[in-house]
Amino acid sequence: MLWLAIAVGATGCAIIGTTSSIEIINSSGSIEAIDLTPRHYRSIEHCEAAVAKITPSLEASLAPLTVEQRKLMKWPALIAGFRIRDCRSFKKRGEILSVFEDIFSAKTRRIAFILPPAGGSEAALQTILDQVRSEFRREGYNPDNAVLVRRVERNRDDALKAAAQLIHMDRVAMIVGGLSPEHASALSQMADQTQTPVLLVSANAPLGKTIQSMRVYPPLKRLANRLVDTFKTQGVKDAFVFYPQNANLELFHLMRGLSNDRINYSERTYNPDKPESILSAVKSQLGRIGSASGRPAVLILDNFRMVRHIVNIIGTSLPSTPTLFAGNQQWRSPALVVPRDDLLQGAIFVDFIGSYQNLPDRIETPITDSEYFTTAQAASRIDYQIIGHRLATLGVQAARFGVNRHQIAKRLQSTRNSWDSYFPKTELAFDVQRESSWPVFMFEVSGETIKEL
Amino acid sequence: MTSPIRRTRAGFFTIILGLSLAGILAAAGYLWSEGVFESEQEQIAKLTAAIIPDNSVVFDRSGNKIGEYYSFYHIHAPLDKIPKAMVNSLLAIEDRKFFEHEGVNWKSIGRAFLSVATSGRMKQGGSTITMQLVKNYLLTREKKVSRKLREIILSYYVEKNLSKERILELYLNTMYMGHGAYGVGAASRVYFGKPVEQLTLAECALLAGLFQAPSLYDPHKNPSAAIKRQRIVLDALEASKLGLSGDVAAARKQSLEFKPWTPVNETVAPHFVSWIRTEVERLLGDDELMLNDKGYKITTTLDKAFQEAANRAVADNTAPLLGLQEQINKNPKRKQPERVESALLASDPKTGAIVAMVGGRNFRESQFNRTIAARRSPGSAFKPVVFTLALEKGMTWADLVFVSPIDVRGFRPKNHKGDDMTEVTLLKALAKSMNTPVVSLAQKYGIKNVIERAQSMGVKSEMPPETGVAIGGFSSTMLDVDAIYRTLANDGTRLESYAVLKIEDRQGQVLYEYKSESNPPIQALAPEIASLMRSGLQAVLTSGTGAAVAGMGSYAAGKTGTSDDSRDNWFAGFTRTIVATTWVGGDGNSSLGDAASGSALALPIWRQFMETLVANGLPTDPWPVPENLTAVSIDLDYGVPADIGVVALFPKGRLPRKSQAAEDIRALKQDNGSYRELKLGN
């Protein structure tokens, strides 16, 4: 029995479902909770309010489908035929309830992926898909049936259409996507309209208004927070940021936001293929690094190779400046520390992977001399495998919940990671901002290796 | 019956003769009154004590003559070494009565005065050999009766004080014989290219004819006149009652071969010989020592065969230099023409002895000795100094070095082919002569330490405490560069270079002799480091900028050097037994342009020199691998063991191994720099 609570909101309002109530974002933008226990639902007024607010959203979610596709489903026609006055008939109220229950339940074990056409990050996407399929298989699900993949052009309408099909026709339990801004926007909208959980694999795409959209992506905000905390502890007042053209700057943006103006950031970009460009970018900051008040930090958002080059340039130019070099997971390689570079000693970087020995056993990890390093080929693969692993465990867990589709998000957001050995067990699967919880590690260069701080 | 005219003439001549004798007596009186005779003993002493001038001669280490120092070209020939034919020819044409008169042949004198009386001029000298000697040795050349009178008197005294043989010996050794030669010893060399002892009668006769007018009868300039004069001498010899000392008829028929004469100073090792003069002065502690004509014997370390190979190598590779020179001088903005030069210096690493030295490509055109006097930037040839520090600090050839763009107070070294931001093994950085890794290493280990290391390896030129020193940015000599490589070739032990083995005076007294005890070996580097470094320098040949001589890589090691803006082009290399350094550059320090990069100019000279030595038996044994080192073939880019790679030595405790760091770099390069870069969802 599905109990709905409906709150009146603006046109295209969102529905936030629970087993006992639904929260609606009203016209003023605030969330309004309405108790929709069966007793309340038996009330004609409640039924009328539900029909008045739910049907436009559902109709909007059906809009991308063709007439033929709609004809294949019974409830689109019913929704179209619903009238507020139908609530006055007890029988009709029962039909309405049945249709809503059908729409929002979808107790399938299917997880769908809406992905851009092949190209670009294809290898990464395939790695994620392979990991999901692999883990589904190990859990006893046939991945051919349980994992649906839709390739969609990077435009919003196509993404909406694909999502509508997956939600209304294929009856998937959740959708993974958002690898382009258009896709992310479409999926968030559909999540809000249909109470379908959506897992956005994106660093910075905005989540929808409802709890149905969640982010499954390495924890940039946590990484940023760890770096900023360290900067503050080290007395850093001026941080100099270097990154290549077309770099993902989300981490840096988050850091700046978290610094609350206590750290001044000065950034320079360069063309990684042109040494002169790098030298020029670094040189333009040398004077300021050398005269920084407090300990200057240099944040390098680039791979270990470029880190060594930039550190070389700065170190040879400012040998007596106690610069704190810092970076992200791109630093992590034996090539960062072998051969030893005195200039790099004490440098720090953050990562969402700790010891490679502690990875989920479903991720094959080549053994190297150090638990903190793996092969270059494996390192990038593992990053995406962990994302795939996270998606798979969430999908499997959703299936295990055995709840209606609209309840999955709530359950995921209220459960701890006990079912996933890699993620912090005591933490909720998602935090209040609906970001998937990830472990965060900080490493320090020490001799010819790194140590975990 | 005599005619009245004849009687009148006889009377006239009698009067003239009487007047002349009266004049002589008057002159004698005048000379007496002037105290001339009081100084005769003093004058004679000059001759009796005369030391016949003799060139100081420079020999190579095997006793081959390679140079001479002289004011006038002499080769002292003792009388007993001078062929009888020479002596007799001389006497026949100059002074047939030499052994009969007492210095003056009065008949001849009489004829001479008669000549003066009749013609008013002194047509005939009437001088004996003794008189000519006196005139040449003690008097001026003015043609005055008073000088003649004095000549007569002094000749008389000379005869009283010196034996006839001594007078002859002095005469034969001191008289000018044209073409810069004094004495028959020198003339024999100058005209016939052989020692005087080996002269034939025909040749002796020709030389004898030169005493009268050496320029007129100069065989090189005027061979027909010389031959004509030789015939006169032979005729005189035949007509004299002197022994013939050979078949005059055969001598007349003998075809004389005049050999063009080039002073030995200009043929074998001119720059070396020129330098040795100052070395001798230094060793004898006498800056004003006049070596010329002293008859010293100076035995040097030079090896004539090596020197000739060096000369040939420089000469054969001059054409490209001239082409380059022409090209440079085409620039209309040039104020002074450039001269593109080359030089070669070779030494023995085990002793420090200099065995070959070519100070320039043409001594006649330029006497400037570029091996010792030119102060040039050694460029990359200096880099091994820095690498020895890195090896000493524990780096191995397989270690990766990050080549980052560098700007040290405006000093921005560049690498060839734009490798300004990459990572290479230490071995590749050396083999490909990359600048920025070396500068980084120097910065890391300290410029002060680099300079001290260079000094310990033998660099004597001043090095400023600046970063540029690491890549040879200072003025050095070839001796400095030679010292660096000699130290490496000698297992890290430095010996001072030297060039003089022995100096003897003309009496055979040893004035100086090189003693190895005075050149104690200095251990500049641990032998292990020297071996490691040498193996790296072998890789330069097999797989680096010296690949033009890759075939020598099994027994030779070396390094190219190009200074800033390609102003200097070097190659310094060595085998187990020799170190050779070659240099090409403009005297005006012009950029040689792209042509001077890498191994274009200096290496071919080095190559030809070494190939010649090897063809002539220079040992080509490979170096033994020291017990504590192991030879391993590695990938030049990543330093991991590789079946097809470059061989270098490694300490047994630090052998190269499969490196994840190297693999990561390789993967990163192949993946265009993408590594754990999360770009999903952007």
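Two strands count as paired if DSSP finds at least two bridges between them. I also kept in mind that helices (H or I, at least four residues) and strands (E, at least two) are DSSP runs, numbered from the N terminus.

**Ground rules.** I am working on a predicted model, where local features need pLDDT of at least 70 and side-chain atom pairs count only at pLDDT 80 or more, while totals for chains, interfaces and linings use all residues. Residues are numbered from 1 along each chain as its sequence is written, and chains are lettered from A and ligands numbered from 1 in the order in which they are written.

**Sheet in chain A.** I started with strand 6 (residues 174–177) and strand 7 (residues 198–200) of chain A, which run parallel and are joined by 3 bridges. Looking up A:Ile175, I found its bridge partner in strand 7 of chain A to be A:Val198. I then traced the open sheet of chain A: 5 strands in the order 5-4-6-7-8, with parallel pairing. Strand 5 (147–151) and strand 8 (213–215) of chain A are at the edges with a single partner strand each, so one side of each has no neighbour in the sheet. From one strand to the next, the twist averages 25 degrees. Helix 9 (residues 181–194) of chain A packs on this sheet and touches strand 4 (111–115), strand 6, strand 7 and strand 8 of chain A. I read its direction as about 155 degrees from that of strand 7 of chain A; such angles run from 0 to 180 degrees between N-to-C directions, with axes as lines fitted to C-alpha atoms, for helices over the stretch in contact.

**A helix pair in chain A.** Next I checked helix 2 (residues 44–62) and helix 5 (residues 90–105) of chain A, which pack at about 40 degrees with axes 12 Å apart. The two are therefore oblique to each other (under 35 degrees is roughly parallel, over 145 roughly antiparallel, 65 to 115 roughly perpendicular, the rest oblique). Helix 2 of chain A brings A:Cys47, A:Val51, A:Ile54 and A:Leu58 to the contact, and helix 5 of chain A brings A:Arg93, A:Ile96, A:Phe100 and A:Ile103 (contact is C-beta atoms, placed from the backbone, within 7 Å). By class I get 7 nonpolar, no polar and 1 charged (Ala, Val, Leu, Ile, Met, Phe, Trp, Tyr, Cys and Pro are nonpolar, Asp, Glu, Lys and Arg charged, the others, Gly among them, polar).

**Chain B.** I noted 23 helices and 18 strands in chain B. Of its 682 residues, 50% count as buried (20 or more other C-beta atoms within 10 Å of a residue's own; 12 or fewer is exposed, in between is partly exposed; C-beta atoms are placed from the backbone). In helix 3 (residues 84–94) of chain B, 10 of the 11 residues are buried, so this helix is largely enclosed by the rest of the structure. Its cover includes helix 5 (129–138) and helix 10 (223–239) of chain B.

**Where A meets B.** The contact takes 44 residues from chain A and 31 residues from chain B. On the chain A side, helix 13 of chain A gives the largest share, 7 residues.

I found a cis peptide bond from A:Val338 to A:Pro339, with omega near -5 degrees. A:Asn246 has phi near 70 degrees, positive in a residue other than glycine, and is exposed, with 12 other C-beta atoms within 10 Å. B:Arg676 has a positive phi of about 50 degrees, but is buried, with 20 other C-beta atoms within 10 Å.

Note on methods: Contact = placed C-beta atoms within 7 Å.
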